[in-house]
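Please take a moment with the sequence and the model shown below before reading on. The paragraphs that follow lead from the sheet to the helices and then to a single residue.

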Amino acid sequence: MSSSPFLRAAITFDYTDRDAWARLAHRWLTLGLERLLPDLKEPLDLGDPALEARIVSTPSIDDPLNNWRYTPVQWRKTLNNLVEQPYSTTLSIFRENADSGPRLANLNASYCNSRGQWQELIIDATVPEEAASDPDYCRNWVEFLLTVLNQADPVFGMVTNDYRGIRNTALECALYRPFPRAMREARHTLRGYAWVTVCPRELLPRLGGIDHLRRSGAFSRVEPLSAGGAVLQATDTAHAYDDTAMHKVFTALAPVLPAGSPDPKGAPEHARLKAVT
């Protein structure tokens with residue numbers, strides 16, 4: 001990925017109903033492209049030569065990749081095939097050329113391990129500099145989360161503009177918490193915090209509930225999810241999420257964060273973290 005400004009949404013789940021997971025993945029990938037990336041979807045659908053997109057699907061962890069150039073027809077086929085519960089489905093969009101052009105966006109729905117007891121949804125997009133300071137643009141990301149996650153009962157989630165890691169959150173990297181342990185404990189210990197944090201339902205009572213979080217002064221928006229949990233937006237824009245805002249979020253969420261002091265050597269370079277004691 002380029003060093004351009006970006007937003008990355010990553011949400012984890014522990015679904016045992018694979019059909020429900022397939023429906024959720026379909027909703028995420030469909031609405032993610034339509035609502036968050038309309039400026040890319042329309043020219044892609046029209047065959048704009050300035051863009052190239054690739055669809056990659058992996059039937060199981062042991063199977064070879066299926067790789068196709070994006071077309072509206074192939075995308076619909078890929079989405080419809082989610083009922084077969086592939087191990088991973090990804091759409092990557094590039095400027096000009098998939099082999100050498102910069103990647104502009106990545107949408108993914110995948111299982112996190114071979115046993116399939118954990119799942120993850122990701123949207124990672126390069127954004128214009130001014131977009132991160134635009135309340136309407138940033139609100140669109142939060143509204144998208146609320147729409148997709150309202151009945152989904154997530155384990156954890158975040159939207160960040162400072163870390164693009166795989167599987168582990170920035171806090172887990174800095175605390176050297178292995179991903180399997182983090183997921184096993186995720187409904188008892190919050191995995192991290194960011195500009196937007198998705199808190200599982202089990203942790204809300206220990207945080208004082210929705211009303212207390214709204215009064216905490218740490219969040220510009222606190223929205224409960226119908227199936228449990230809440231979406232916590234720290235500031236109106238991603239650009240405004242500075243160290244002062246991060247400290248407020250940390251203070252509000254500290255009762256459910258893992259103990260320990262983040263190691264600067266383990267922490268990702270640009271991640272905003274505060275020591276946990």
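Helices (H or I, at least four residues) and strands (E, at least two) are runs assigned by DSSP and are numbered from the N terminus, and two strands count as paired if DSSP finds at least two bridges between them. The model is a predicted one, in which local features need pLDDT of at least 70 and side-chain atom pairs count only at pLDDT 80 or more, while totals for chains, interfaces and linings use all residues. Residues are numbered from 1 along each chain as its sequence is written, and side-chain values use heavy atoms, with hydrogens and water left out.

Ten strands make up an open sheet with antiparallel pairing, and their order across it is β3-β2-β4-β5-β6-β1-β7-β8-β10-β9. Because β3 (66-69) and β9 (221-224) stand at the edges with a single partner strand each, one side of each of them has no neighbour in the sheet. From one strand to the next the twist averages 10°, where angles run from 0 to 180 degrees between N-to-C directions and axes are lines fitted to C-alpha atoms, for helices over the stretch in contact.

Strand β7 (residues 156-160) is joined to strand β8 (residues 196-199) by three bridges in the antiparallel sense, and Met 158 has Thr 197 of β8 as its bridge partner. Strand β8 in turn runs antiparallel to β10 with four bridges, among them the one that pairs Cys 199 with Ala 230. Four bridges also link β9 and β10, again antiparallel, and here Arg 221 is partnered by Gln 233 of β10. The hairpin of β9 and β10 has five residues between its strands, and Gly 228 takes a positive phi near 115° in this hairpin. Strand β10 is covered on both faces, since Ala 230 and Leu 232 on one side and Val 231 and Gln 233 on the other are all buried, a word that means under 20% relative accessible area, with exposed over 50% and partly exposed in between (1.4 Å probe, protein chains only).

The helices come next. Two packed helices are described by the angle between their axes and the distance between the axes. The axes of helix α1 (residues 18-36) and α4 come within 10 Å and cross at roughly 155°, which makes α1 roughly antiparallel to α4, given that angles under 35 degrees count as roughly parallel, over 145 as roughly antiparallel, 65 to 115 as roughly perpendicular and the rest as oblique. Residues in this contact (heavy atoms within 4.5 Å) include Leu 24, Trp 28 and Leu 31 of α1 and Trp 141, Phe 144 and Leu 145 of α4.

Helix α1 also packs against helix α3 (residues 72-80), at an angle of about 155° and with the axes 9 Å apart, and α1 and α3 are therefore roughly antiparallel to each other. Their contact is made by His 26, Leu 29, Thr 30 and Leu 33 of α1 together with Trp 75, Leu 79 and Asn 80 of α3.

Finally, where does Ala 271 lie? Ala 271 is found in the segment after α8 (243-253), and it counts as buried because its relative accessibility is 17%. Ala 271 touches Asp 162 and Ala 170, leaving aside residues up to four places away in sequence. Although Ala 271 and Asp 162 are 109 residues apart along the chain, their C-alpha atoms are separated by 5.2 Å.
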